Amino acid sequence: QTVSSSKQVLVDAMEQAGTTFEEGPKGLGRVSSNIVAVNDIPEWFKERFHQSLEVIERVMGEVPEMKEPIVGVEAPETAMWRAYIRAEGDQFRFAFNSKLVKEESEEGLSSTFNHEVLGHAVQGYYWKKAIENGEMPQSFGLTSVVGPEVLVMEALAEFTSFYYEDDANDISKADHALSDYQRMIWNNAYYMYSYEGVSEEDVKAYLKEELPFRTDEFINNKMSRLIEDSPTYAVYPAVYDVGRRLMQDVMAQLDEAQQHEFLKAIYTSWFDAQDIADLAEEYGVTDIPDFDAERSPKIYSRILPKP
């Protein structure tokens with residue numbers, strides 16, 4: 001899929017939802033009749049948790065016996081994340097960044113919920129269960145945003161952000177198209193700077209052209225994280241778009257029963273990128289990207305200790 005084709009899908013979806021490409025996320029908030037203030041998000045999240053786990057039964061054959069999550073709002077000094085998840089004992093904690101999220105449409109929250117809960121939390125539940133049953137090494141429970149497991153984690157979460165939306169309305173469809181397009185553009189910017197040697201100013205110009213609804217401040221903050229901040233941020237962002245498109249490419253070539261089998265394997269297995277590709281080939285999938293483990297020298301210099 002090209003930037004131009006992804007952009008056209010978004011333009012059409014935004015028009016169908018009653019807004020425009022140029023308005024971006026604010027336009028979707030304007031046309032949504034279901035707006036949730038940031039301090040009301042935790043209660044919305046918990047209520048949705050008890051309503052939504054049943055959809056996992058179609059894939060796993062059971063409803064996961066997960067405890068209600070801890071959900072809160074934080075105001076970090078410099079973090080650019082909108083929301084995060086982490087395990088705390090036998091529960092999961094979710095937090096929203098009040099500096100970036102002032103209010104959110106229910107359609108946007110549903111996508112975040114599906115990503116964090118139906119993707120990350122459910123996968124974490126089954127990994128923890130496998131470790132406790134001796135079916136997976138304990139070391140696999142020590143996940144890292146710079147480890148090979150991060151691709152399968154984000155690939156699943158990105159795909160589940162829309163896979164279970166059986167009754168998505170026009171705003172939800174536009175929100176999904178917006179996420180798809182933005183992931184592609186951020187990924188391109190990441191590779192332009194990290195692999196192709198494109199200058200910071202030229203990458204910013206590219207972002208401003210392709211994401212006219214994002215402010216200069218937002219783009220500058222994103223670029224400063226990529227250039228100046230911890231190496232974690234230099235290696236992590238690319239997995240979102242790569243994982244999302246990998247799952248889309250694979251699942252588009254499977255029937256519904258095969259999709260469920262494939263997702264079950266992803267939920268319960270510790271995979272790297274090649275494992276996913278190998279499993280896809282077992283199902284007869286042929287049109288998938290090649291995987292190259294080589295990293296940019298610029299990134300390596302920031303991750304590996306100096307001799």
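In which hand does helix 5 pass helix 7? The numbered points below take up this matter and the packing around it in a predicted model.

1. Helix 5 passes helix 7 in a right-handed crossing. Two packed helices are described by the angle between their axes and the distance between the axes. For helix 5 (residues 106-132) and helix 7 (residues 170-194), the axes come within 9 Å and cross at roughly 60°. Helix 5 is therefore oblique to helix 7.

2. The residues that join these two helices can be named. On the side of helix 5 they are E107, G108, S111 and H115, and these meet I171, S172, D175, H176 and R183 in helix 7. Sorted by class, the contact of helix 5 with helix 7 has 1 nonpolar, 5 polar and 3 charged residues.

3. Helix 6 (residues 149-163) packs with helix 11 (residues 238-251) at an angle of about 65°, and their axes are 8 Å apart. The crossing of helix 6 and helix 11 is right-handed. Helix 6 contributes V150, L151, E154, A155, E158, F159, S161 and F162 to the contact, while helix 11 contributes V239, Y240, V242, G243, R244, M247, Q248 and M251. By class, the contact of helix 6 with helix 11 divides into 10 nonpolar, 3 polar and 3 charged residues.

4. The next topic is the sheet. Strands of a sheet pair through backbone hydrogen bonds, either parallel or antiparallel. Here an open sheet of 3 strands has the order 2-4-3, and its pairing is mixed. Strand 2 (70-74) and strand 3 (83-88) are the edge strands, each pairing on one side only. From one strand to the next, the twist averages 25°.

5. Strand 3 pairs with strand 4 (residues 91-97) in the antiparallel sense, over 6 bridges. A83 has F96 in strand 4 as its bridge partner.

6. Helices also pack on this sheet. Helix 3 (residues 41-52) touches strand 2 and strand 4, and the direction of helix 3 makes about 155° with that of strand 2. Helix 5 lies across strand 3 and strand 4, running at about 150° to strand 4.

Methods:
Residues are numbered from 1 along each chain as its sequence is written. This is a predicted model: local features need pLDDT of at least 70, side-chain atom pairs count only at pLDDT 80 or more; totals for chains, interfaces and linings use all residues. Side-chain values use heavy atoms; hydrogens and water are left out. Axes are lines fitted to C-alpha atoms, for helices over the stretch in contact, and angles run from 0 to 180 degrees between N-to-C directions. Helices (H or I, at least four residues) and strands (E, at least two) are DSSP runs, numbered from the N terminus. Angles under 35 degrees count as roughly parallel, over 145 as roughly antiparallel, 65 to 115 as roughly perpendicular and the rest as oblique. A crossing is left-handed if the near helix is turned anticlockwise from the far one by less than a right angle, and right-handed if clockwise. Contact means heavy atoms within 4.5 Å. Ala, Val, Leu, Ile, Met, Phe, Trp, Tyr, Cys and Pro count as nonpolar, Asp, Glu, Lys and Arg as charged, and the others, Gly among them, as polar. Two strands pair if DSSP finds at least two bridges between them.
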